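Student: I am new to this structure and would like to understand the terms used for it. Could we go through them one by one, with the cut-offs behind each?

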Amino acid sequence: MPLAAQDVPAELAPAAPTPAPASTETYPRAFFDRFYPQTALELLQRVPGFSLDAGAELRGFAGAAGNVLVDGERPTIKSGGLEDFLRRIPANAVERIEVTRGAQRAGETAGQSLVANVIRKPQSFAGTWSGELERNPAGLVYPRGEVSFTAPLGAWSTTTKVNAFWEQFTFDNIDRIRRDAAAALVSFDEETLPSTLRDAFIATEAQRLVAGGTLTINARFGNSRFYQETGRDGFLGRLPDGGPADRRSDIRFDSEFWAGELSADWTGRVSQGWVLKLLALGSFEDGEQSSANVVAEPPGAAPVINRFASQDLPIEVLTRATIGKLEGSLRPEFGIETAYNRLDSRIALEVEDASGVRPIALPASDVRVAEVRGETFGNLVWVVAPRWTVEAGLAAELSKLTVSGDAAGGNEFFFVKPSLAVTFQSSDALQLRAALRRSVGQLDFGDFAASANAEDDRLLAGNPDLGPDKTWRASLTGDLRLKGGYALNVQAFHEWRTDVLEQIVLPSGVPGLANAGSARVWGIESEAAVPLTGLIKGGLLEVSADFRDAAFTDPISGQSRVVTDLTNPEITIDFRQDLTEARIAWGGRYEPALRTTTFFANEEIIDRRGRRLTAFVETTRFFGVKMQLEVRNIGQTRFPRDRQLFAPDRSGAFIGSEELDRERGEFVKFTISDQF
């Protein structure tokens, strides 16, 4: 929240407004009035041709930057994400949104070709609230509510958000069919799979002048719990015939965590045109998971029970200092960052049957992973000519990682991360950008420890020898913006990845994650906004379409395939019509089918999602509040899954398959929201 103008020292006061450059488009708050937005996030969702990017899972604070600034600065938050932060800001606290093509400043949004800057009003009071009821396909109704407000508090400007929700998701008509290598029926399971999620969090930001600069404090704390109950009636070698099942399985999975984050940053000018920024951030997440798989064959017989329990406590402490120049044709930035990350993980497995309880040994079931990391970097924005801008960056990182407990190991890493981008403003409407960048992925410390999946009966060992994956990414972006709200942003990219993380059979003989080789990934990512004023009054069509492919030599089969978890295509088509005079809007979203492939050491899983259709209608005609009725999964959405099984691994013999056919019915949501 920006400070009141009268409280800002002269050396920090902004210069008199100047016309925005051709590479910047300004959307005043009044531009969004016809959409009746409630939060800053809703404002951004209505910016033509702009799609929110919350940032990648990369090492370093700047490396994971998204494409949104708030008052010219990147929000100093990690937990909860950028979307949650933007939901804290009431729409009436926003003065305007500036969308910039190409860098105007080094570092804060490194690698982004399109950046939105949310400019808030000077110190003021504003708030928004919403209440929601949702009905799931089973007829259960559950609530959601949140309130956020900005307010002066003495010398502080504050923004606070409180939210809580409880929701249950179900799948309908779930059939799990297992076949052998000859396609003969092995088992047919009829399954129910209700899952419940509840969240309650409070987040706040406070800002004031301190020592000639601006001090900002962010905090977030809350609790989340997810639990799922799976019931299966199994028929062995036959289809259901209305009679009793041959086997009964009940699986309960329960996960809960408490999470907190606290950060403080200070920003101030230290000399003409130079700004110093200091940041300190700490976070933790204390979580527990448990599952029990109870199998009775036949139903009513003494069961066999497989139990799994885990405890995880990740913590992170990060400090960062940068100094950069904001003005002139050369805008350098220099900085240093240090971080300490640690994960304590413990897992326990046991089987209980007629002979008693037996623990199951699993490699790396009780481990501590710790990493100390330091990075120094420099970035430069060079305005070569009115239409040409060059961005260059170089970062050097040194880290030491240690693994102790049931698995011992460690490693030291040194990475150099250069980047270069050239932007050409061909005209006021068209901008072209070419970029090349090397990035280093963020390790998930949970992969160093063992894990289990009761639903698929899968055990994975931890691997103490993991290292981060590295990527060179080359991209060419074209951004076209025409009068009337027409916008098109298209990016073609090619990535060269090394030390790709994939599942293999570890030296212990148990499957697990490892650095498995090199891969290439390429594709096109695009966003378009097309006002339909000439055809439909107040109509707007927005399309997002991403197409990706990859080539990776499988370390098990030796064959070329895509990388794990690559989804293709990802397309959304949104239509909206705003009838301003009637104070009514309606529209919908269409998402074509997509597929994602996941590779394990001894199985391959293809997850599909059928086409998905959503429709809504909203109005502000009644009681002075905004009301919206939304229906998702119209006509049901299918989620089929095909699982191919091999022995001893995917280089061996095909031993069977499992088909999982799931459908999710219609969810109906009614939301009331307003500002104050």
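Student: What share of the contacts in the protein chain between residues at least 6 apart in sequence join residues at least 24 apart?

Tutor: A contact means heavy atoms within 4.5 Å, and among contacts in the protein chain between residues at least 6 apart in sequence, 66% join residues at least 24 apart. This is a predicted model, in which local features need pLDDT of at least 70 and side-chain atom pairs count only at pLDDT 80 or more, while totals for chains, interfaces and linings use all residues. Residues are numbered from 1 along each chain as its sequence is written, and side-chain values use heavy atoms, with hydrogens and water left out.

Student: How do you know that the radius of gyration of the protein chain agrees with a compact globule?

Tutor: The radius of gyration is taken over C-alpha atoms, and the globule rule is 2.2 Å times the number of residues to the power 0.38. For 676 residues a compact globule would have a value near 26 Å, and the protein chain has 27 Å, which agrees. Along the principal axes, the C-alpha atoms fill a box of roughly 80 × 60 × 50 Å.

Student: Why is R632 called partly exposed?

Tutor: Buried means under 20% relative accessible area, exposed over 50%, and partly exposed in between, with a 1.4 Å probe and protein chains only. R632 has a relative accessible area of 21%, so R632 is partly exposed. Buried residues, for their part, make up 48% of the 676 residues in the protein chain.

Student: What makes the link between R632 and E134 a polar contact?

Tutor: A polar contact is a pair of N or O atoms within 3.5 Å; within protein, one must be able to donate a hydrogen and the other to accept it, and residues adjacent in sequence count only if both atoms are side-chain atoms. The side chains of R632 and E134 make such a contact at 2.7 Å. Not counting residues up to four places away in sequence, R632 touches E134, F169, L613, T614, G665, E666 and F667.

Student: Which strand holds R632, and how many bridges join strand 36 to strand 40?

Tutor: Helices (H or I, at least four residues) and strands (E, at least two) are DSSP runs, numbered from the N terminus, and R632 lies in strand 36, residues 626–632. Two strands pair if DSSP finds at least two bridges between them; strand 36 and strand 40 run antiparallel and are joined by seven. Eight bridges join strand 40 to strand 5 (residues 126–135), again antiparallel. S673 in strand 40 is the bridge partner of K626 and also of S130.

Student: Why do strand 1 and strand 2 stand at the edges of their sheet?

Tutor: Four strands form an open sheet in the order 1-3-4-2, with mixed pairing. Strand 1 (24–28) and strand 2 (68–70) each have a single partner strand, so one side of each is left without a neighbour in the sheet. Within the sheet, strand 3 (residues 94–101) and strand 4 (residues 114–120) run antiparallel, joined by seven bridges.

Student: What makes up the largest nonpolar core?

Tutor: A nonpolar core is a set of buried Ala, Val, Leu, Ile, Met, Phe, Trp, Tyr and Cys residues joined through side-chain atoms within 4.5 Å. The largest one has 25 residues, and those with the most contacts inside it are L44, V47, L86, I97 and V118. Its largest share, four residues, comes from helix 1.
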